Amino acid sequence: MQVVLLGAPGAGKGTQAEALSKHLNVPHIATGDLFRAARQSGTEIGNIAAGYMDRGELVPDEVVIRMLLERISQPDAQNGYLLDGFPRTLDQAKSLSDALDQNNSTLDAVLYLNVSNEELVTRLSGRWICRKCQAPYHATSAPPAKAGTCDRCSGELYQREDDQEETVRTRLGVFEKDTAPLIQYYTSQGILSEIPGEGDVKDIESKMISSLS
Ligand code: AP5
């Protein structure tokens with residue numbers, strides 16, 4: 001099954017992805033995580049992406065598309081995948097659709113997590129992430145058992161550079177301009193389910209899973 005998680009920065013895509021990918025038994029593929037790993041390793045793609053990410057802008061389509069198509073061609077993605085943070089533009093959506101067509105496959109569902117801008121800013125300004133496994137935490141709504149340490153893998157928690165308020169505002173503007181048109185695009189294809197993304201994490205997870213059945 002091929003599923004896309006759509007939502008603004010901070011909507012909870014990463015938070016929901018772990019349970020959802022387990023439920024679907026497919027890998028969770030997050031383009032933001034791929035870029036952060038590429039930056040850490042100092043690869044060409046990582047170096048290209050760095051400036052865009054720090055400014056809260058989108059990395060150019062040709063770079064993201066190349067990286068994503070390479071990732072979904074890997075053996076672990078042959079029975080499906082859960083995409084988080086891709087597509088973010090109409091051109092990215094069309095490339096994904098072309099790649100699926102070439103494999104006689106289709107996108108099964110798009111789950112759109114809808115969260116207000118005020119809540120998104122609160123979430124991102126308090127977010128901490130595990131450097132090792134990328135698990136997200138929140139200073140007040142989802143704190144780790146031991147401050148600064150990941151509950152899952154004991155990795156070190158850090159705050160993302162692009163979670164500073166000014167960069168968050170830029171990212172939200174980019175979402176409205178470049179990514180929000182995908183809501184209509186996938187609605188018109190009859191594959192989008194809108195899930196209210198505020199409230200209890202487990203309740204949201206149940207709604208997402210129910211929308212897939
Ligand atoms: P990326 O890493 O994809 O960032 P994003 O989309 O901005 O999304 P986030 O990871 O910030 O948020 P999330 O929805 O996963 O929320 P989370 O679960 O962590 O992209 C980063 C950059 O990479 C982009 O700006 C761009 O430069 C580049 N990039 C990536 N993909 C690209 C593409 N396709 N094209 C071009 N450029 C690309 O939750 C957030 C916080 O809220 C956490 O603290 C969490 O604990 C808390 N939380 C979650 N759920 C709840 C809840 N129900 N109630 C209360 N708090 C909650």
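## Getting oriented

Helices, of at least four residues, and strands, of at least two, are DSSP runs numbered from the N terminus. Please keep in mind that this is a predicted model.

With those labels in hand, we can turn to the ligand. Several elements each supply at least two residues of the shell around the ligand: α1 (13-24), α2 (31-41), α6 (117-125), β6 (136-138) and α9 (201-211). Which element gives the most to this shell? The answer is α2, with four residues.

## Around the ligand

In total, 36 residues surround the ligand. The closest are Thr15, Glu57, Arg88, Arg127 and Arg171. Sorted by class, the shell has 14 nonpolar, 12 polar and 10 charged residues.

Lysine 13 places a polar side-chain atom 2.9 Å from an oxygen atom of the ligand. Glycine 14 uses its backbone instead: an N or O atom there is 2.8 Å from an oxygen atom of the ligand. For threonine 15, an N or O atom in the side chain lies 2.6 Å from a ligand oxygen atom. On its own, the ligand has 1,000 Å² of accessible area, and the protein covers 95% of that.

## A three-stranded sheet

Now look for a sheet made of three strands. It is open, its order is β6-β5-β7, and the pairing is antiparallel. The edge strands are β6 and β7 (157-158), each of which pairs on one side only.

Strand β5 (residues 127-130) pairs with β6 over three bridges. Within this pair, tryptophan 128 has tyrosine 137 as its bridge partner, and arginine 127 has histidine 138. Arginine 127 is also one of the closest residues to the ligand. The two strands form a hairpin with five residues between them, and in the turn glutamine 134 has a positive phi of about 70 degrees.

## Cysteines without a bond

How many disulfides does the structure hold? There are zero. Cysteine 130, for instance, is in no disulfide, and the nearest cysteine sulfur, that of cysteine 153, is 3.5 Å away. A disulfide is a covalent bond between the sulfur atoms of two cysteines.

## One last stop

Finally, visit asparagine 117, which lies in helix α6. Asparagine 117 has a relative accessibility of 40% and so counts as partly exposed, since that label covers values between the 20% limit for buried and the 50% limit for exposed.

Asparagine 117 and glutamine 74 are 43 residues apart in sequence. Where do they sit in space? Their C-alpha atoms are 36 Å apart.

Note on methods: Residues numbered from 1 in each chain as written. Predicted model: local features only at pLDDT ≥ 70, side-chain atom pairs only at ≥ 80, totals over all residues. Heavy atoms only, no water. Near = heavy atom within 4 Å. Polar contact = N/O pair within 3.5 Å; in protein donor to acceptor, adjacent residues only side chain to side chain. Areas by Shrake-Rupley, 256 points an atom, 1.4 Å probe, with all protein chains shown as cover. Nonpolar A, V, L, I, M, F, W, Y, C, P; charged D, E, K, R; others polar. Disulfide = S-S within 2.5 Å. Pairing = 2+ DSSP bridges. Buried < 20%, exposed > 50% of the residue type's maximum accessible area, 1.4 Å probe, protein only.
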